[in-house]
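Trainee: I would like to learn how to read strand pairing in a model. Could you walk me through one?

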Amino acid sequence: MTEAVTRELMAQRFRSFLPVVVDLETGGFNAQGDAILEIAAVTLTMDPEGNLMPDATFAYHVTPFEGANVEQSALDFTGIRLDDPLRRQVAVSEAEALGEIFRPVRKSIKAHGCTRAILVGHNAAFDHGFLNAAVERCAIKRNPFHPFSSFDTASLAGMTYGQTVLARACRAAGIEFDSSAAHSARYDTERTAELFCTMINRYKDLGGWRLAQREQGVEEP
């Protein structure tokens, strides 16, 4: 019964889209020519009261595709060392990283009664652009993410807390943020997931989602 309620709540909450938080660390700003160096995704779930929460994290170091550009300024900013022996040992190709992330995302979509994933990101257009470019490069036919719709936590945090920088938005939301760990795809994705859930749940607690449902004549499960 609990699982059925959770499934129905999630399917209703975002018009049958499952929010999945994504962050990429890259070799620059050009999605077509610059390398993806790290990618992470956090799937979300919901409790029977309709509270959104992080579920599982998937994170990978990525080997730059053949001919990819990597700006030194990007490496300086992220602190990524391409020649690090441990990184070279665990890094995978773009195609493998996407495959390893897309499989559990598809499984979570089905488990929550949703039809598609929707990307959640901090400055989401950046991550979405790189993700779509990689999907095209790898000739992946079944991309579980909506091709252009997304939720941007920078915009949502600006509205909710008056802050658009991830670290400042997290602190305003009462979420611990370690600046020395920032610019790791795993760390940034997990903090972004916490931030998104906090904002969505706060809106729910203020009556926003339920009020909107009642105004639309939607029956609660």
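**Around strand 4**

Mentor: From strand 4 the chain passes through helix 5 (residues 124-137) to strand 5, a right-handed β-α-β crossover; right-handed means that, with the strands pointing away from the viewer, the path from the first strand over the helix to the second runs clockwise. This is a predicted model: local features need pLDDT of at least 70, side-chain atom pairs count only at pLDDT 80 or more, and totals for chains, interfaces and linings use all residues. Residues are numbered from 1 along each chain as its sequence is written, and side-chain values use heavy atoms, leaving out hydrogens and water.

Trainee: What joins strand 1 to strand 4, and in which sense do they run?

Mentor: Strands are DSSP runs of E, at least two residues, and helices runs of H or I, at least four, numbered from the N terminus. Two strands pair if DSSP finds at least two bridges between them. Here strand 1 (residues 17-26) runs parallel to strand 4, with 5 bridges. Strand 4 also pairs with strand 5 (residues 145-152) in the parallel sense, over 4 bridges; there, Ala117 has Phe145 as its partner.

Trainee: How many residues of strand 4 are buried?

Mentor: Buried means under 20% relative accessible area, with a 1.4 Å probe and protein chains only. In strand 4 (residues 116-121), 5 of the 6 residues are buried, while for the protein 47% of 221 residues count as buried.

Trainee: How many helices and strands does the protein have?

Mentor: The protein has 9 helices and 5 strands.

Technical notes: Buried means under 20% relative accessible area, exposed over 50%, partly exposed in between (1.4 Å probe, protein chains only).
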